[in-house]
Amino acid sequence: VQVRNALDNLSYSPDLREAVADVDFVVEAVFENLEVKQELFKQLDVAAPERTILASNSSSFMPSQVGALVKRLDKVLVTHYFNPAHLIPLVELVRGPETSGDTINSVRDLYTAIDKTPIVVEKEVIGFIVNRLTTALIREALWLIDNKVASPEDVDLGIKSSAGRRWAVAGPFEVMDLGGLDTVVDVTGVILRHISNKRDVSKSLLEKVDQGHLGTKTGQGFHTWNPEDTELVKKRIAKVLVEIERWSNEESKK
């Protein structure tokens, strides 16, 4: 029912000028090619009303990059969604050097009104917030594999059975405060000297790609996949995300 209702609210046009002739907010979601995004933003700058805010769903390019050919820089930002976007509420609002406070506030109010969870990246930085944190974890996970410390299966299980569960309900700073910052100093003081600081892509990851083992899309990655297994994992993720959302809603009402 929700899908049908959503589809009824959509309209389509092959003409960009027609599509944005009377809109307040545009989210660009073309593939990750900077030149394509810049050209589209240039056209949007001409076609959309002066009041229109122009946002990019880029996961890697910054507002100053995608809006390099745009005059209304005070109304340009990145709104970075996370997949599956209908189940993960977060949207990173990335402000460029000239993005106005009114623009950020308007977009934050909009996403809050439609039950998304907006967070503001106050300063342009590659990877924004979440992808930087995720990449740091992935780098260390791959280091463990490269150095035969553990299997991919056990690394996955380690996260799913510990930190992953905790992070669903408490962020890193909440966890640090709960554990005691003096303890955090002691533990990180030991571990930081030994974790990976590599700048290059993992050897294990490059080998997989060179072999054509790209994950679920090819049936082989760090795990072996068939269509049934892939669908089961997707359903498992969706089910847990729905349960977390339901729990969060119940907690917010208390």
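Predicted model: local features only at pLDDT ≥ 70, side-chain atom pairs only at ≥ 80, totals over all residues.
**A buried charged pair and its surroundings**

Glutamate 28 and lysine 37 are both buried. In general, side chains of opposite charge can pair when their charged atoms come close.

Let's stay with glutamate 28 for a moment. You will find glutamate 28 in strand β1. Its relative accessibility is 3%, and because buried means under 20%, glutamate 28 counts as buried. Its side chain also makes a polar contact with the side chain of lysine 37, at 2.4 Å. Who else surrounds this residue? Setting aside neighbours within four places in sequence, glutamate 28 is in contact with Lys37, Leu40, Phe41, Ala55, Ser56 and Asn57.

From here, turn to the other charged pairs. The structure holds 8 salt bridges. One of them joins the side chains of aspartate 22 and arginine 51, with an N to O distance of 2.8 Å. This pair links distant parts of the chain, 29 residues apart: aspartate 22 sits in the loop between α2 (16-19) and β1 (25-28), while arginine 51 sits in the loop between α3 (34-47) and β2 (53-56).

Another salt bridge brings together the side chains of aspartate 74 and lysine 75, at 3.3 Å from N to O. Aspartate 74 is partly exposed, with a relative accessible area of 29%, and lysine 75 is partly exposed as well, at 21%. Elsewhere, salt bridges with shared partners connect Asp22, Asp24 and Arg51 into one network.

Now for the nonpolar side of the picture. In soluble globular proteins, nonpolar side chains tend to be buried together. Here the largest nonpolar core has 11 residues: Val20, Val26, Phe41, Leu44, Ala47, Ala48, Leu54, Phe61, Val66, Val70 and Val76. Helix α3 gives the most to this core, with 3 residues. To see part of the packing, pick out valine 20: not counting residues up to four places away in sequence, valine 20 touches Val26, Leu44, Ala47, Ala48 and Pro49. There is also a second, separate core of 9 residues, and Ala55, Leu77, Leu93 and Ile104 are among them.

Two names take us back to the start. Phe41, a member of the largest core, and Ala55, a member of the second core, are both among the contacts of glutamate 28.

How values were computed: Residues numbered from 1 in each chain as written. Heavy atoms only, no water. Salt bridge = Lys/Arg side-chain N within 4 Å of Asp/Glu carboxyl O. Helix = DSSP H or I, 4+ residues; strand = E, 2+ residues; numbered from the N terminus. Buried < 20%, exposed > 50% of the residue type's maximum accessible area, 1.4 Å probe, protein only. Polar contact = N/O pair within 3.5 Å; in protein donor to acceptor, adjacent residues only side chain to side chain. Contact = heavy atoms within 4.5 Å. Core = buried A, V, L, I, M, F, W, Y, C linked by side-chain atoms within 4.5 Å.
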